[in-house]
Amino acid sequence: MDRGNPYEVAEAIAKLGAWRTAAAHNWALLPSGDAEPWLVNVMPAAEGVPARILFFRGWRAFHCFLITRQNNDFWVASSPDDIAHLEVVFPAGGQPVLRSCEEGYVPCPVPAESIPLLAAMLYECFGLFMRFEGDPDLAMKYVQERALFAKRQEADGKWSDCALPLPDKNPEFMEKVALRKDILARAKDLPFDQSARIELDFGKLPGVQTSEPHARSIYLFAAVDASAKTRFVWRTMVVSGRPDGLVSLWQTLAPQLLDHILASGKVPGEIHVRSMRMVRFLRPLGMHLPFKIVVHAELPALDAEVRESLRDKRI
């Protein structure tokens, strides 16, 4: 096995078949010269989804990943693809795939400059997979010290076991929804239509992306009048490329909805949404206008309009 070739190392890992043991715990890798730790999570294959090894640079991305797996409405990531990380995917019967994920972008091949780092980290994972099989509690070695099991690379390239202390405080995830007072004042004077019901959602359009070399995912903010089956809000959006680009999009949803309510000339009685995340981002507007926010797993009028739009390429 060429330890500098991540594909060969990944294939060796796959042959071990030690997914369940390795997935029982998380650990960290501290490459020489990198100020941030790389946190490692293993996801075994399940229900047709391939096994994966994910590498998160820094505590913030890793914390977001862990909490989102427990509460899908936490922060703004709807899948691991929305959280910056490198990963190796192990399709059944196929060659491993190396992917790089960034918030708001389409996953792409790992950049050439990151291949040596990924290969080195994968090789350490290969060794740990074998050690975990012999000692399933190895990853808990430093738990009494409130530290994560880690491997540190010295300047000479050699790796050794060490403890990585957990952060004293959890990373902060700030959300702020700003509404213009003058527009709010005008909206408060609008008539209230208790019978009007709007179905509203925001999310990534499947299979739709920009044509840039590093393609960005295209998100749709859409609302449909549930009775008339007509569009109330319909806007495609992409991240700016700056940090926290996805939360920046979420923070614009309530102001945009306010603009469309004002343009419609009335305040709807109910706004139906799919998640508590959307409730959270619309709540600042709901504190000023009397509409009721209702959570439903399905939004039939909106979903039908989105399906037709994708089929007819009318997005």
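I traced the open sheet first: eight strands, with mixed pairing, in the order β6-β5-β4-β3-β2-β1-β7-β8. I then looked at the edges. They are held by β6 (108-109) and β8 (159-165); each has a single partner strand, so one side of each is left without a neighbour in the sheet. I note that this is a predicted model.

Strand β2 (residues 38-43) runs antiparallel to β3 (residues 51-57), and six bridges join the two. I followed W38 across and found R57 of β3 as its bridge partner.

Then I checked which helices sit on the sheet. Helix α3 (residues 59-70) packs on it and touches β2, β3, β7 (147-153) and β8. I read an angle of about 25 degrees between the directions of α3 and β2. Helix α1 (residues 6-16) lies across β3, β4 (85-90) and β5 (97-101). Against β4, α1 runs at about 55 degrees.

I turned to α5 (residues 181-188). Which of its residues are buried? I found I183, L184 and A187. Looking down the axis of α5, I see these buried residues fall within an arc of 100 degrees, so they line one face of the helix.

Last, what do the buried residues of α5 pack against? I list three elements: α7 (253-264), β12 (267-273) and α8 (276-286).

Notes
Residues numbered from 1 in each chain as written. Predicted model: local features only at pLDDT ≥ 70, side-chain atom pairs only at ≥ 80, totals over all residues. Heavy atoms only, no water. Buried < 20%, exposed > 50% of the residue type's maximum accessible area, 1.4 Å probe, protein only. Helix = DSSP H or I, 4+ residues; strand = E, 2+ residues; numbered from the N terminus. Arc of directions from axis to C-beta. Contact = heavy atoms within 4.5 Å. Pairing = 2+ DSSP bridges. Axes fitted to C-alpha atoms, helices over the stretch in contact; angles between N-to-C directions.
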